[in-house]
Amino acid sequence: MDKVNLASKFAGFAERWSPKIAGEVNDAYVKLVKIQGEFVWHAHEAEDELFLVIKGHMTIRFRDRDVHLTEGEFLVVPKGVEHCPVAEEECHVLLLEPKTTLNTGNVKSERTVADLDRI
């Protein structure tokens, strides 16, 4: 049992849209990801997904509305709901989701990361 310093962990990698495993809670991973620009529209058919903004701000687009998140705010996207994360500037995000969750959900693209690095 070691504590995790989020600023230190985020400083340890530069790539964007490539989640890193920072911890485990039961059957879920605590993932850290840097984002900038627009991701792909996708859904997770069997998993809810929690987005917690650590640094910066982001928008999660839904087909009927946008939800804006800033530091210290989080949103849970329910399973099956199509969404598209967007950040104008680099944003640091903590994700909490089942270990089986693929970052691009039901969409396979050049941004799909099947084998996650541990940091």
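These legends walk through a predicted model of one protein chain, view by view.

Residue numbers start from 1 along each chain as its sequence is written, and side-chain values use heavy atoms, with hydrogens and water left out. Because this is a predicted model, local features need pLDDT of at least 70 and side-chain atom pairs count only at pLDDT 80 or more, while totals for chains, interfaces and linings use all residues.

View 1. From the N terminus on, the order of elements is α-β-β-β-β-β-β-β-β. Helices (H or I, at least four residues) and strands (E, at least two) are DSSP runs, numbered from the N terminus. Along the principal axes, the C-alpha atoms fill a box of roughly 40 × 30 × 25 Å.

View 2. Buried residues make up 44% of the 119 residues; buried means under 20% relative accessible area, exposed over 50%, and partly exposed in between (1.4 Å probe, protein chains only). The chain exposes about 6700 Å², and carbon and sulfur atoms supply 49% of it. Such areas come from the Shrake-Rupley method with a 1.4 Å probe, and for residues, only the protein chains shown count as cover.

**View 3. The structure holds one cavity of 30 Å³ or more.** A cavity is a set of points, on a 1 Å grid over the protein atoms alone, where a 1.4 Å probe fits but cannot get out; lining residues have an atom within 4 Å of a point. Grid points are joined across faces, edges and corners, and a volume is the space filled by probe spheres set on the points. How big is the largest cavity? Its volume is about 130 Å³. Of the 13 residues that line the largest cavity, Trp17, Val33, Phe39, Phe51 and Leu95 are the closest to its centre. β2 (28-38), β3 (49-55) and β7 (84-98) each supply at least two lining residues, and the largest share, three residues, comes from β7. By class, the lining has ten nonpolar, two polar and one charged residues. Here Ala, Val, Leu, Ile, Met, Phe, Trp, Tyr, Cys and Pro count as nonpolar, Asp, Glu, Lys and Arg as charged, and the others, Gly among them, as polar.

**View 4. Trp17 and Asn26 both sit in loops.** Trp17 is in the loop between α1 (6-11) and β1 (20-25), and Asn26 is in the loop between β1 and β2. Trp17 has a positive phi of about 60° although it is not a glycine. Phi of Asn26 is near 50°, also positive in a residue other than glycine.

**View 5. Thr101 is found in the loop between β7 and β8 (117-118).** Thr101 counts as buried because its relative accessibility is 6%. Leaving aside neighbours within four places in sequence, Thr101 is in contact (heavy atoms within 4.5 Å) with Lys31, His44 and Glu47.

**View 6. Lys79 lies in the loop between β6 (74-77) and β7.** Leaving aside neighbours within four places in sequence, Lys79 is in contact with His44, Glu45, Ala46, Glu47 and Asp48.

How values were computed
1 Å grid on protein atoms, 1.4 Å probe; cavity = no way out; pocket = protein on both sides within 12 Å on 5 of 7 lines; lining within 4 Å.
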